[in-house]
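Me: Hi! I have a structure open on my screen and would like to talk through a few spots in it. Could you walk me through them?

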Amino acid sequence: MTIKLENVGIAVRDLEETIAFFTDLGLTVVGRDTVSGEWTDTAVGLDGNHAKIAMLQTPDGHGQLELFEYIHPDAIETGPTLPNEIGMHRVAFSVDNIDEALEIAAKHGCHPLRGVATYQDIYKLSYVRGPSGIIVMLAEELKKD
């Protein structure tokens with residue numbers, strides 16, 4: 001059996017705000033749609049499913065995010081997840097310049113949870129609370145081959 005990661009899906013409060021955040025970081029919108037109907041109810045397991053979606057891709061072409069904003073049923077607002085909670089934890093991106101990435105995030109009102117850490121002189125990394133409370137890890141490799 002062959003398996004390949006297609007994308008990570010994230011429900012968001014405001015699709016346009018979230019697209020702006022991720023495109024400023026360098027992702028590209030590769031598709032948008034509004035979906036509803038029996039097939040979405042079946043696939044998602046939610047009656048009356050109706051959502052606006054956008055597919056974003058990383059510049060290297062290997063990673064994709066599927067963002068969706070619910071039209072129906074109403075989205076359920078929950079508290080932001082914490083790094084030690086069970087379940088979906090974060091989305092991680094490698095960046096060439098973490099300081100530049102953090103400046104871009106700050107323009108969207110998104111700041112590190114605590115700061116920038118250095119892991120064994122290999123990576124500088126930081127967790128940022130992004131739009132809709134999404135935890136985004138940014139990592140800059142320090143020792144490039």
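Reply: Happy to; below we go through a helix, a strand, a serine and some salt bridges.

Me: Before we start, what kind of model is this?

Reply: It is a predicted model.

Me: Good to know. Let's take α1, then: which of its residues are buried?

Reply: In α1, the buried residues are L15, T18, I19, F21 and F22. They sit on the same side of α1, because the arc they cover around the axis is only 160°.

Me: And what do those buried residues pack against?

Reply: Their partners are the strands β2, β3 (50-57), β4, β5 and β8, along with the helix α3 (98-107).

Me: What happens at the start of α1?

Reply: There, D14 places a side-chain oxygen within 3.1 Å of the backbone nitrogen of E16.

Me: And what follows α1?

Reply: G26 does, and its phi is positive, near 120°.

Me: You mentioned E16. Which residue does its side chain meet in a salt bridge?

Reply: R32: the two side chains come together at 2.3 Å, N to O. E16 belongs to helix α1 and R32 to strand β2 (residues 28-36), so this pair ties together parts that are 16 residues apart in sequence.

Me: Which one involves R13?

Reply: R13 forms a salt bridge with E77, at 2.5 Å from N to O. R13 is in the loop between β1 (8-11) and α1 (15-24), while E77 is in the loop between β4 (64-72) and β5 (91-94), so the pair links parts that are 64 residues apart in sequence. R13 is partly exposed, with 48% relative accessible area, and E77 is exposed, with 55%.

Me: What about K4?

Reply: The side chain of K4 meets that of E6 in a salt bridge at 3.9 Å, N to O. K4 counts as exposed at 64% relative accessibility, whereas E6 is partly exposed at 48%.

Me: Switching topic to β5. Which way do its side chains point?

Reply: They alternate along the strand.

Me: How does β5 run relative to β8, parallel or antiparallel?

Reply: Parallel, with 4 bridges joining β5 to β8 (residues 135-141). Within that pairing, F93 stands opposite L138 of β8.

Me: Last one: where does S126 lie?

Reply: S126 is in strand β7, which covers residues 123-129. It counts as buried because its relative accessibility is 1%, and the cut-off for buried is under 20%.

Me: Great, thanks for the tour!

Note on methods
Residues are numbered from 1 along each chain as its sequence is written. This is a predicted model: local features need pLDDT of at least 70, side-chain atom pairs count only at pLDDT 80 or more; totals for chains, interfaces and linings use all residues. Side-chain values use heavy atoms; hydrogens and water are left out. Helices (H or I, at least four residues) and strands (E, at least two) are DSSP runs, numbered from the N terminus. Buried means under 20% relative accessible area, exposed over 50%, partly exposed in between (1.4 Å probe, protein chains only). A salt bridge is a side-chain nitrogen of Lys or Arg within 4 Å of a carboxyl oxygen of Asp or Glu. Two strands pair if DSSP finds at least two bridges between them. The arc is that of the directions from the helix axis to the C-beta atoms. Contact means heavy atoms within 4.5 Å. A polar contact is a pair of N or O atoms within 3.5 Å; within protein, one must be able to donate a hydrogen and the other to accept it, and residues adjacent in sequence count only if both atoms are side-chain atoms.
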